[in-house]
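User: Hi! Could you walk me through this fold before I set anything up?
Analyst: Happy to, here it is.

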Amino acid sequence: MLQVTRLGRFARFAPLVVGVGSAVSLSAVPAAAVSTSSLAPPPAGGDHLTVTVRNAGGDADGTYEVDCHPGGGSHPDAGGACGVVERNTRWGKDAFAPVPGDGVCTMQYGGPATAHVTGTWAGRPVDARFDRSNGCEIGRWDRLVPLLPEVGR
């Protein structure tokens, strides 16, 4: 009678054991069997950015095309431009994110230069504006040199 009582007490856990066993068997499905139709396809031509620069002075002003993966375009340093964006790309972070609104920035003026970057990077749309209106914006700009021209040095 004691054995029957013990089995009866454990019998209520049988559905849990079956459920855990099912979950384990589902997690062991080979990667080849998983459908990739829900994954976003890589861009057909790789990453593409259009950079429009104004008031930077000299030959820096203008509109440039940058193609990455494979590299190319009309940008004067397409390889360097692709490299700097790659170095600033982090999982879960936007390489082109604006300066946070609650940041504390030095009140310095870096000149009238502006830039507008549009296109696709890492499969995501890009539409970012840059200026040099304070220390935070200058730092944001400088982190993306040579995608953006070096200004004020």
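**Fold and strand pairing**

Analyst: Going along the sequence, the elements come in the order α-α-β-β-α-β-β-α. Keep in mind that this is a predicted model.

User: Thanks! How many helices and strands does the protein have?
Analyst: There are four helices and four strands.

User: Which strand does strand 1 pair with in the antiparallel sense over seven bridges?
Analyst: That would be strand 3: residues 47-54 make up strand 1, and residues 114-121 make up strand 3. Within this pairing, Val51 sits opposite Val117 of strand 3.

User: And how many bridges join strand 3 to strand 4?
Analyst: Eight, and the two run antiparallel, with strand 4 covering residues 124-131.

User: What do strand 3 and strand 4 form, and how many residues are between them?
Analyst: They form a hairpin, with two residues between them. In that turn, Ala122 has a positive phi of about 55°.

User: Switching topic: what share of the residues is buried?
Analyst: Of the 153 residues in the protein, 29% are buried.

User: And the accessible surface, what does that come to?
Analyst: About 10300 Å², and carbon and sulfur atoms account for 60% of that.

User: Last one: what part of the contacts with a separation of 6 or more comes from residues 24 or more positions apart?
Analyst: Those residues account for 51% of such contacts in the protein.

Note on methods: Residues numbered from 1 in each chain as written. Predicted model: local features only at pLDDT ≥ 70, side-chain atom pairs only at ≥ 80, totals over all residues. Heavy atoms only, no water. Buried < 20%, exposed > 50% of the residue type's maximum accessible area, 1.4 Å probe, protein only. Contact = heavy atoms within 4.5 Å. Areas by Shrake-Rupley, 256 points an atom, 1.4 Å probe, with all protein chains shown as cover. Pairing = 2+ DSSP bridges.
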